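Open the model in your viewer and keep the selection panel at hand. This tour goes stop by stop, telling you what to select and what is there.

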Amino acid sequence: MSWGHLAALAGLGAFHGLNPAMGWLFAVARGMQERSPRALLHSLPPIAAGHLASVAVVAAVIAATRSVVAGNVVGIAGGLILVGYGLWRLLSERHFRWAGMRLSLPQLAGWSFLVSSAHGAGLMLLPVLATVPPAGVHSGHAAPATGGLTGLAAAGVHTVAMLAVMAACAGVVYGFVGVNVLRRAWFNVDRLWAAVMVGAGALTIALAS
Amino acid sequence: MTRWTPDPTFYPSPRDAATAPPEQLAYIAAFDRAAALPDAIAVVDTDPESDSYGRVVGWTDLPHTGDELHHFGWNACSSALCPTAPHPHVERRYLIVPGLRSSRIYVLDTKDDPRQPRLVKEIPAADLAGKAGYSRPHTIHCGPDGIYVSALGGGDTDGPGGIAVLDHTTFEVRGAWENDRGDQYLAYDFWWHLTRDVLVSSEWGTPSMIEDGLVPELLLGRKYGHRLHFWDLAKRTLTQTVDLGDQYQMTLELRPAHDPTKEYGFLGVVTSVEDLSASVWVWHRQNGQFAVTKVIDIPAEPADADALPPALQPFGAVPPLVTDIDLSVDDRFLYVSCWGTGELKQFDVTDPFHPVQTGSVRLGGVVGRVPHPSFPDERLAGGPQMVEVSRDGKRVYVTNSLYGAWDDQFYPDGVGAWLAKIDVDTENGGITLDPRFFPHGDDFRGRRVHQTRLQGGDASSDSYCFP
């Protein structure tokens with residue numbers, strides 16, 4: 001992976017971290033409910049872990065697949081998936097459904113995994129990973145295990161950035177500006193996200209073919 | 001299409017909601033008891049600067065007759081900001097309007113012309129029965145994962161009643177809400193403590209117990225509801241039932257504290273068969289379990305038998321009949337409707353266990369027939385019944401019909417139709433009638449009036465996940 005790839009992965013992580021729906025708002029709510037900043041802080045690692053799991057699964061699959069099949073197949077097929085999923089997210093008005101706010105930390109991680117997966121968080125790593133040269137190419141024989149590791153590394157970089165931004169947002173809202181800021185500042189990132197997915201998918205196809 | 005920024009009527013916390021601008025319009029459920037004319041949503045101007053202030057300025061007739069419009073609610077509210085499944089970019093624009101008698105549910109769009117809501121969908125009774133197993137839809141609440149609708153009756157049976165869930169976007173019936181209802185059979189109102197994963201539900205009666213009027217044998221036999229149910233909102237299972245004692249008949253309206261860090265709420269009980277008094281109770285946590293404690297007792301008022309309708313003559317008294325209560329968004333004032341005696345009481349409930357009465361307004365009443373000060377010659381029938389409080393807590397709206405068949409028993413010479421507005425002294429407590437605001441009689445075109453919903457939300461429509 002080049003510095004450019006790392007920057008792209010971190011940037012996507014930061015974007016996810018910024019989205020209130022992906023976790024930091026839940027952490028703030030838990031802190032406010034318990035009147036304890038500790039409750040907020042303790043909520044962040046499980047949310048990040050759930051996000052990591054969701055992203056890592058997709059990333060590992062992409063990277064491992066790239067090690068065994070021709071590069072442009074992954075790019076084209078993955079791009080199609082991305083365009084399709086993005087369009088569905090853009091046109092469907094259904095939202096993630098979940099009732100229940102009193103979650104244990106493992107349940108919180110599970111919630112985060114589901115919400116990240118529903119957003120297609122991992123899919124957006126596709127355009128980045130599709131342009132990383134497959135592992136093992138230099139030595140002349142493909143190695144799926146190494147490919148998978150590349151995927152995990154990508155998911156890790158992504159999640160560290162996500163956690164940092166998420167913690168910053170939660171801290172600022174909890175400690176300083178208050179949740180009322182959401183009324184004005186909660187830009188509909190889901191719609192933007194879906195549009196970006198469609199664009200990124202199209203770009204991936206174009207680059208691969 | 002969703003919005004780019006959250007709907008401006010959504011507030012993260014009750015504290016923020018209390019700063020909302022005053023409502024410009026009120027929506028009123030209006031129904032024809034004779035089922036000859038269609039029921040309607042009446043729209044009333046609530047802007048004091050407007051020339052048509054206090055008048056009916058819009059009207060949407062429904063396509064059928066005999067629905068008996070009763071309660072209704074918004075498709076989305078501040079709970080859309082709750083963090084587990086946030087969807088704050090949807091719009092609060094649709095009124096979900098059930099027919100309590102027909103079991104039809106209408107969806108009206110208020111966006112294009114807020115004064116003339118437009119019918120956009122009709123859910124037939126067969127859908128509610130087929131997909132959820134319920135009939136007689138009653139209370140609507142905008143939940144985190146769908147629209148919740150309580151229902152008094154079973155689909156093809158008298159009971160059990162329960163809760164159905166509608167899809168947030170398509171309004172299709174998704175199904176019955178309950179996974180495990182235990183021995184819950186009677187249903188009426190429900191609301192929740194969202195951040196505690198608790199849903200509370202109350203009991204009235206099944207369709208056969210109410211649709212032809214209050215049945216004296218059932219009342220004296222203590223067969224109407226007298227319990228309160230507590231559910232796990234996430235697992236959708238019954239976790240605890242509290243019986244108030246079977247002398248307390250009809251546990252109706254539930255008003256949980258709006259502050260999500262609090263876990264108490266108020267319950268109105270229509271009457272005690274021992275002395276015809278009415279009461280208000282508080283539910284609260286005690287050593288992990290819910291307990292329910294009586295905090296307000298309102299005695300019956302003695303009256304000459306001649307002045308009473310036949311149903312009440314044997315008792316020589318007018319029961320207060322507490323049939324609706326409403327809690328201000330700041331959880332400070334509780335409004336209690338005494339539909340029998342014709343009184344709206346205001347209590348300071350800063351300490352929920354020790355309410356202090358801070359105000360009273362009398363209008364109508366079985367015996368009193370107190371007129372509105374602006375129309376002193378018109379003796380009013382009915383009494384303050386459905387109460388709605390504005391988000392800032394400064395204005396209270398009351399309508400006068402309880403339920404078609406029951407109106408006829410307590411006000412046999414006609415219940416009429418009126419909507420009064422009451423101004424609140426939010427500093428010291430105290431309530432006074434607004435002399436400029438009293439749509440009544442022919443203003444409502446021969447219909448009776450039940451629930452009021454305020455444009456942008458009100459004290460009984462939104463729930464909050466942040467303190």
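Start in chain B. Select B:D109 and look across to B:R118, which stands opposite in β7(B). The model is a predicted one, so read each stop as a feature of a prediction.

**Stop 1: the sheet around β7(B)**

Select strand β6 of chain B, residues 105–109. Five bridges tie β6 to β7(B), and the two strands run antiparallel. Now widen the view to the open sheet of four strands. Their order is β4-β5-β6-β7 in chain B, and the pairing is antiparallel. Which strands lie at the edges? They are β4 (73–74) and β7 (118–123) of chain B, each pairing on one side only.

**Stop 2: a second open sheet in chain B**

Move on to β12, β13, β14 and β15 of chain B. These four strands form an open sheet in that order, again with antiparallel pairing. Color β12 (190–193) and β15 (237–243) of chain B. Both stand at the edges with a single partner strand, so one side of each has no neighbour in the sheet. On average, neighbouring strands of this sheet are turned by 25 degrees against each other, direction ignored.

Strand β13 (residues 198–201) of chain B is joined to strand β14 (residues 227–232) of chain B by four bridges, and the two run antiparallel. Select B:V198 to find B:D232 opposite in β14(B).

**Stop 3: β17(B) and its two partners**

Select strand β17 of chain B, residues 265–272. Is it mostly covered or mostly uncovered? It is mostly covered: eight of its eight residues are buried.

Take one partner at a time. Strand β16 (residues 248–256) of chain B joins β17(B) through six bridges, and the strands run antiparallel. Select B:L254: its bridge partner in β17(B) is B:L267.

Then show strand β18 of chain B, residues 278–286. β18(B) pairs with β17(B) over five bridges in the antiparallel sense. Here B:G268 has B:V280 in β18(B) as its bridge partner. Follow the chain through the hairpin of β17(B) and β18(B), which has five residues between the strands. Stop at B:L276, which takes a positive phi near 60 degrees.

**Stop 4: an exposed strand residue**

Select B:T432. This residue lies in strand β29 (residues 431–433) of chain B. Is B:T432 buried or exposed? It has 12 C-beta neighbours inside 10 Å, so B:T432 counts as exposed; the cut-off for exposed is 12 or fewer. Leaving out residues up to four places away in sequence, B:T432 touches B:I422 and B:D423.

**Stop 5: helices of chain A**

Switch to chain A and show α2(A) with α3(A). These helices pack at an angle of about 150 degrees, with their axes 7 Å apart. That angle makes α2(A) roughly antiparallel to α3(A), because angles over 145 degrees count as roughly antiparallel. Their crossing is right-handed. For the contact, select residues of α2(A) including A:F26, A:R30 and A:E34, and residues of α3(A) including A:P37, A:L40 and A:I47.

The axes of α3(A) and α5(A) come within 7 Å and cross at roughly 40 degrees. That makes α3(A) oblique to α5(A). This crossing is right-handed too. Among the residues that meet here are A:H42, A:P46 and A:V55 from α3(A), and A:L105, A:W111 and A:F113 from α5(A).

**Stop 6: the largest nonpolar core**

Select A:A59, A:L125 and B:A164. These have the most contacts inside the largest nonpolar core, which has 202 residues. Helix α3 (residues 37–68) of chain A gives the largest share of this core, 13 residues. In soluble globular proteins, nonpolar side chains tend to be buried together. Center on A:A59. Its contacts include A:G122, A:L125, A:L129 and A:G151, with residues up to four places away in sequence left out.

**Last stop: where the chains meet**

Show both chains. The contact takes 27 residues from chain A and 36 residues from chain B. On the chain A side, α2 (24–34) and α8 (182–185) are the elements that give two or more residues. The largest share of that side, five residues, comes from α2(A).

Note on methods: Residues are numbered from 1 along each chain as its sequence is written. Chains are lettered from A and ligands numbered from 1 in the order in which they are written. This is a predicted model: local features need pLDDT of at least 70, side-chain atom pairs count only at pLDDT 80 or more; totals for chains, interfaces and linings use all residues. A nonpolar core is a set of buried Ala, Val, Leu, Ile, Met, Phe, Trp, Tyr and Cys residues joined through C-beta atoms within 7 Å. A residue is buried if 20 or more other C-beta atoms lie within 10 Å of its own, exposed if 12 or fewer, and partly exposed in between; C-beta atoms are placed from the backbone. Two residues are in contact if their C-beta atoms, placed from the backbone, lie within 7 Å. Two strands pair if DSSP finds at least two bridges between them. Axes are lines fitted to C-alpha atoms, for helices over the stretch in contact, and angles run from 0 to 180 degrees between N-to-C directions. Angles under 35 degrees count as roughly parallel, over 145 as roughly antiparallel, 65 to 115 as roughly perpendicular and the rest as oblique. A crossing is left-handed if the near helix is turned anticlockwise from the far one by less than a right angle, and right-handed if clockwise.
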